[in-house]
Amino acid sequence: MDNTNENSTQVTNTESTNTVGIEIRNLTKIFGPEPERCLEYVRQGMNKKALREKHGHILGLHNINIKMKPGAIQVIMGLSGSGKSTLLRHINRLIEPTAGQILAGAEGQQVDVTAMSTKELREFRQKQTAMVFQKFALFPHLTIQENTEYGLKIQGVKPKVRADTAVKWIERVGLKGYEDSYPNQLSGGMQQRVGLARALTNDAPILLMDEAFSALDPLIRTDMQSVLLDIQQEVEKTMVFITHDLDEALRIGDQIAILRAGKIAQQGTGQQIVLQPANEYIASFIRDVNRGRVIYSRIIAQPLPAIDGPTVDATLVIEETARLLSAEGKEAANVIGPKGRHLGVITMPDIIAAMVPPHADPDDEDDDDDEPEEKK
Ligand SMILES: Nc1ncnc2c1ncn2[C@@H]1O[C@H](COP(=O)(O)OP(=O)(O)OP(=O)(O)O)[C@@H](O)[C@H]1O
Ligand SMILES: [Mg+2]
């Protein structure tokens with residue numbers, strides 16, 4: 001299924017909707033002994049490479065601004081070393097910012113994570129956030145059940161309550177029957193299911209996932225994405241999901257931010273990034289993506305009155321629409337939105353044009369200011 005991002009537009013579920021959003025404001029992180037001194041250079045425009053060469057400091061993040069919507073999946077993408085983990089770890093302040101703020105909470109009631117006392121921060125981490133790691137980070141000497149309820153245990157939740165909650169999520173991630181197994185008796189994919197069950201058992205509104213699926217085989221990875229999207233429909237976590245995989249980002253993300261050398265190169269929906277890459281860097285990033293499987297029919301539908309022909313759903317990807325048209329021997333279809341509303345008409349020539357990536361605009365050449373990020 002490629003049109004799974006649809007969940008972001010559904011507003012039918014009105015009960016217990018997560019209201020906790022995250023706002024990153026002017027966040028800058030400089031690693032090194034004298035970050036404050038270096039902040040001035042960075043503010044004056046010094047880039048990562050120059051800061052490292054001239055002052056021996058690493059520019060981890062530079063003036064990041066992101067508004068993460070409550071109950072939506074925010075993907076952070078970028079090459080190795082671009083600052084993804086640094087950004088994520090600021091959200092629960094495992095890393096202290098050099099400048100800027102992290103706000104969390106409902107609109108109008110946000111708390112400043114960067115200003116919290118040690119006690120407030122501990123509370124925030126335990127009650128408001130849960131993390132899923134790439135390397136699972138399960139306790140080898142604890143059973144799946146014990147691992148899953150661990151977070152509730154340290155919060156002092158009663159044994160019966162935490163056991164029931166854990167069982168519910170173990171079942172929900174497809175591991176019923178494995179409660180008494182130990183992590184080393186499970187495959188990598190299964191262990192990551194435990195990682196997810198453990199995070200969900202904590203029942204925190206914010207879920208932080210750092211390359212959670214990157215260590216898994218491709219098929220198991222796709223499977224986990226489906227499990228996550230499926231559960232997300234129900235739990236509506238405010239999720240921050242890090243990946244360096246574009247297909248994963250496009251599939252999972254309601255919003256995507258692409259980092260490059262500590263700066264945001266572009267942010268928006270997957271559709272926006274694929275259809276309107278902000279610069280040559282992003283264009284090269286998305287060049288190999290299968291556009292037919294990413295672009296929704298509604299995006300390229302023309303606002304024309306209904307025609308005599310087949311009907312496709314607004315979020316059907318254009319490859320599927322093309323398949324349907326050719327099967328029916330038609331050149332155009334009506335595109336309908338929620339409740340069957342007519343949105344426009346999609347044609348075969350428009351589909352073909354959309355499948356071919358646009359030429360990069362040479363004037364869009366970016367500032368070329370960074371070092372190759374694969375090499376750290
Ligand atoms: N504690 C630290 N001290 C100095 N530099 C650091 C520290 N942590 C991260 N960095 C640097 O900050 C930059 C961003 O690192 P980060 O780990 O956030 O990248 P990433 O995008 O998560 O990479 P990966 O995909 O490899 O996990 C890199 O240049 C890294 O070397
Ligand atoms: Mg990382």
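**Exercise 1. The sheet**

In what order do the 4 strands of the open sheet lie, and what is the sense of their pairing?

*Solution.* The model is predicted. Read across the sheet.
- Step 1. The order is β2-β1-β4-β5, and the pairing is antiparallel.
- Step 2. Find the edges. β2 and β5 (111-112) are the edge strands, as each pairs on one side only.
- Step 3. Take the pair β1 and β4. Residues 21-31 make up β1, residues 99-105 make up β4, and 6 bridges connect the two antiparallel strands. G21 has G105 in β4 as its bridge partner.

**Exercise 2. A helix over the sheet**

Which strands does helix α1 lie across, and at what angle does it run to β1?

*Solution.* 
- Step 1. Locate the helix: α1 spans residues 35-43.
- Step 2. List the strands under it: α1 lies across β1, β2 and β4.
- Step 3. Compare directions: the helix runs at about 105° to β1.

**Exercise 3. One glycine in β4**

Is G100 buried, partly exposed or exposed?

*Solution.* 
- Step 1. G100 belongs to strand β4.
- Step 2. Count neighbours. G100 has 17 other C-beta atoms within 10 Å.
- Step 3. Apply the cut-offs. Buried needs 20 or more, and exposed needs 12 or fewer. G100 is therefore partly exposed.
- Step 4. List its contacts. Leaving out residues up to four places away in sequence, G100 touches R25, N26, L27 and T28.
- Step 5. Look further along the chain. S214 is 114 residues from G100, and their C-alpha atoms are separated by 30 Å.

**Exercise 4. The shell around ligand 1**

How many residues surround ligand 1, and which are the closest?

*Solution.* 
- Step 1. Count the shell. Ligand 1 is surrounded by 13 residues.
- Step 2. Pick out the closest: F31, S80, K84, S85 and T86.
- Step 3. Sort by class. The shell has 9 polar, 2 charged and 2 nonpolar residues.
- Step 4. Assign elements. At least two residues of the shell come from β2, and at least two from α3 (84-91). The largest share, 3 residues, is supplied by α3.

**Exercise 5. Helix α3**

How many of the 8 residues of α3 are buried?

*Solution.* 
- Step 1. Name the buried residues: K84, T86, L87, L88, H90 and I91.
- Step 2. Draw the conclusion. Because 6 of the 8 residues are buried, α3 is largely enclosed by the rest of the structure.
- Step 3. Check what follows. Just after α3, R93 has a positive phi of about 55°.

**Exercise 6. The whole protein**

What is the radius of gyration of the protein, and what does the globule rule give for 376 residues?

*Solution.* 
- Step 1. The protein has 14 helices and 13 strands.
- Step 2. Compare the two values. The radius of gyration is 22 Å, close to the 21 Å of the globule rule, so the protein is as compact as a globular protein of that length.
- Step 3. Along the principal axes, the C-alpha atoms fill a box of roughly 65 × 60 × 40 Å.
- Step 4. Of the 376 residues, 39% count as buried.
- Step 5. Among contacts between residues at least 6 apart in sequence, 67% join residues at least 24 apart.

Methods. Residues numbered from 1 in each chain as written. Chains lettered and ligands numbered in written order. Predicted model: local features only at pLDDT ≥ 70, side-chain atom pairs only at ≥ 80, totals over all residues. Pairing = 2+ DSSP bridges. Near = placed C-beta within 6 Å. Nonpolar A, V, L, I, M, F, W, Y, C, P; charged D, E, K, R; others polar. Rg over C-alpha atoms; globule rule 2.2 N^0.38 Å. Contact = placed C-beta atoms within 7 Å. Axes fitted to C-alpha atoms, helices over the stretch in contact; angles between N-to-C directions.
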